[in-house]
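Subject: Structure for you to look at

Hello,

Here is the structure I said I would pass on. Please open it first, then read the notes below with it on screen.

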Amino acid sequence: MIIDLSPIFNGKCGNERYVDSFNLQVSYIEHVGALSCSPVEVTANIGKVGDDICIDCNYRCEMTFICSRCVEDVLFPISEKFEIKLSGEELEDLKDSNILDKQMLNMDLLISDELIEHLPSKVLCAQTCKGLCTECGKNLNVGGCDCEIDNIDPRFKILEGLFSE
Ligand SMILES: [Zn+2]
Ligand SMILES: [Zn+2]
C-alpha cells in the first residue's frame, strides 16, 4: 500500500483512515526464518498533531515457523501497533530507508520494518517440547523410542565393562 501524503502535507485534509491488507515478500518471509505468513491486515490513521504528521497503525497476521527442536509447524499470531511522527530523526530514517519517497509513504515497507522487531529468533511448539531423538529422529512428543534405553555415554560403558568383570 502506497499512501500519497501530499494532501496531508499540504494541509488539504486532516485525518485519513486506511484499511488494507498486503502479502509480505517471499524473500522477507525466508529471511525471518518463517515458512509462510497470512496476509497482513492493516488499519492506519494518518493525520496532523500540531505541526507534525502522525501515523497510528495497527496490524495483524499469522506466521508459520518451524519448532527448532521437533521441526513441527508452529503458528505464531502477531498483533501489534505503533505510532510514528514524521519529523526529526524518525522522518530522516524513513527517507533513508526509502519508506518515504518524497511524499509517498510505502506502508508495506514500514510495517515489514516494524514487524521484524517482534519476531522470535527461536520458536518452540511448547516450552516442554522434547524434540527429536538424536538416534532415530522420532518426534519424542508423540512417544518414546527404543533408543532411549541405550542412551548411555560411551565413556560410562567402559566403566560398566570394568565393573561387570
Ligand atoms: Zn517442538
Ligand atoms: Zn530413537
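Two strands count as paired if DSSP finds at least two bridges between them. With that in mind, take T64, whose bridge partner in β6 is L75.

The mean pLDDT of the protein chain is 89, and 89% of the residues score at least 70. Strand β3 (residues 36–37) has the highest confidence, 97, while α5 has the lowest, with a mean of 60. Where pLDDT is low, the predicted coordinates should not be read in detail.

Overall layout

The protein chain contains 5 helices and 8 strands. Along the sequence they come in the pattern β-α-β-α-β-β-β-β-α-β-β-α-α. Of its 165 residues, 14% count as buried. If you take the contacts between residues at least 6 apart in sequence, 55% of them join residues at least 24 apart.

Which strands form the open sheet, and in what order? There are 3 of them, in the order β1-β8-β7, with antiparallel pairing. β1 and β7 (100–101) are at the edges and have a single partner strand each, so one side of each has no neighbour in the sheet. β1 and β8 run antiparallel and are joined by 3 bridges. In one of these strands, β8, N106 is the bridge partner of I2. Helix α4 packs on this sheet and touches β1 and β8; the direction of α4 makes about 40 degrees with that of β8.

Helix α4

Which residues of α4 are buried? They are M107, L110, I111 and L115. Viewed down the axis of α4, the buried residues fall within an arc of 125 degrees, so they line one face of the helix. Among the elements that cover them are β1 (2–4), β4, β5, β6 and β8 (104–106).

In soluble globular proteins, nonpolar side chains tend to be buried together. Here the largest nonpolar core has 22 residues, and V40, V42, M107 and I111 touch the most other members. β4 (40–49), β5 and α4 (107–115) each supply at least two residues of this core. The largest share, 5 residues, comes from β5.

I116 sits in the loop between α4 and α5 (154–164).

Regards

Definitions and conventions. Residues are numbered from 1 along each chain as its sequence is written. Chains are lettered from A and ligands numbered from 1 in the order in which they are written. This is a predicted model: local features need pLDDT of at least 70, side-chain atom pairs count only at pLDDT 80 or more; totals for chains, interfaces and linings use all residues. Helices (H or I, at least four residues) and strands (E, at least two) are DSSP runs, numbered from the N terminus. A nonpolar core is a set of buried Ala, Val, Leu, Ile, Met, Phe, Trp, Tyr and Cys residues joined through C-beta atoms within 7 Å. A residue is buried if 20 or more other C-beta atoms lie within 10 Å of its own, exposed if 12 or fewer, and partly exposed in between; C-beta atoms are placed from the backbone. Two residues are in contact if their C-beta atoms, placed from the backbone, lie within 7 Å. pLDDT is the predictor's confidence in each residue, from 0 to 100. The arc is that of the directions from the helix axis to the C-beta atoms. Axes are lines fitted to C-alpha atoms, for helices over the stretch in contact, and angles run from 0 to 180 degrees between N-to-C directions.
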